[in-house]
Amino acid sequence: MFDIETKIGNIHFSSNIINKIAEKAVEDCGGKVMLHNYKGALMDVMPGWASKMNLYDESAASIEVHEIGDGYIMTIYVVIKFGTSIKAVTSQILDSIYENSEKILGQKPKHVKVVVTGVVSKNIAKRHIEVSR
């Protein structure tokens, strides 16, 4: 997916590593944000079980990573809990992704977009709010 050339040789980073950076950014929000698919729907039970057996990556439907030229762009789909500041949470996610990408990969993403697909209270109220940097 993403290669870095060093004096010693080439380092290859798969999209799974980039997905883990985004997952960590969402987890750091303290349970106020959850990864969901682009429709804002809950994940099926079977992918959840398959994920536990390492047969399916549950975050794959929530995080899109595309390689462009000498970098990559990412889109993350999330739902947030009712009463949470969308601006504060999305800023925290974006800051964390840029910071951790710099630390781990040695390069920041070219563009990151966080899409809030819903707000959770008793049910999921569908939304489509895009925040990007």
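**Exercise 1. Which residues does Val33 touch, not counting residues up to four places away in sequence?**

Solution. Val33 touches Val26, Val78, Val79, Ile80, Val89 and Ile93, with residues up to four places away in sequence left out. Contact here means heavy atoms within 4.5 Å. The model is predicted: local features need pLDDT of at least 70, side-chain atom pairs count only at pLDDT 80 or more, and totals for chains, interfaces and linings use all residues. Residues are numbered from 1 along each chain as its sequence is written, and side-chain values use heavy atoms, with hydrogens and water left out.

Val33 belongs to strand S3 (residues 33–35). Helices (H or I, at least four residues) and strands (E, at least two) are DSSP runs, numbered from the N terminus. Val33 has a relative accessible area of 5% and is therefore buried; buried means under 20% relative accessible area, exposed over 50%, and partly exposed in between (1.4 Å probe, protein chains only). Last, take a distance: the C-alpha atoms of Val33 and Ile86 are separated by 9.7 Å, although the two residues are 53 apart along the chain.

**Exercise 2. Describe how helix H1 packs with helix H3.**

Solution. Two packed helices are described by the angle between their axes and the distance between the axes. Helix H1 (residues 15–27) and helix H3 (residues 86–105) pack at about 140°, and their axes are 9 Å apart. That makes H1 oblique to H3. Angles under 35 degrees count as roughly parallel, over 145 as roughly antiparallel, 65 to 115 as roughly perpendicular, and the rest as oblique. Axes are lines fitted to C-alpha atoms, for helices over the stretch in contact, and angles run from 0 to 180 degrees between N-to-C directions.

Then list the contact. From H1, Ile17, Ile18, Ile21, Ala22, Lys24, Ala25 and Val26 meet Ile93, Ser96, Ile97, Asn100, Ser101, Ile104 and Leu105 in H3. The residues of this contact divide into 10 nonpolar, 3 polar and 1 charged. Ala, Val, Leu, Ile, Met, Phe, Trp, Tyr, Cys and Pro count as nonpolar, Asp, Glu, Lys and Arg as charged, and the others, Gly among them, as polar.

Finally, look at one residue of H3. Asn100 lies in this helix and, at 16% relative accessibility, counts as buried. Asn100 touches Ile21, Lys24 and Leu105, leaving out residues up to four places away in sequence.

**Exercise 3. In which sense do strands S5 and S6 pair, parallel or antiparallel?**

Solution. Strand S5 (residues 71–81) and S6 pair in the parallel sense, over 9 bridges. Two strands pair if DSSP finds at least two bridges between them. Tyr77 has Val115 in S6 as its bridge partner.

Now turn to the other neighbour. Strand S4 (residues 63–68) runs antiparallel to S5, and 6 bridges join them. Glu64 has Thr75 in S5 as its bridge partner. The hairpin of S4 and S5 has 2 residues between the strands, and Gly69 takes a positive phi near 50° there.

**Exercise 4. Is Val112 in strand S6 buried or exposed?**

Solution. Start with the strand: S6 (residues 111–120) is mostly covered, with 7 of its 10 residues buried. Val112 lies in S6 and has 0% relative accessibility, so Val112 counts as buried. Its contacts, not counting residues up to four places away in sequence, are Met74, Ile76, Leu94, Ile97, Tyr98, Val131, Ser132 and Arg133. Val112 and Thr75 are 37 residues apart in sequence and 5.9 Å apart in space, C-alpha to C-alpha.
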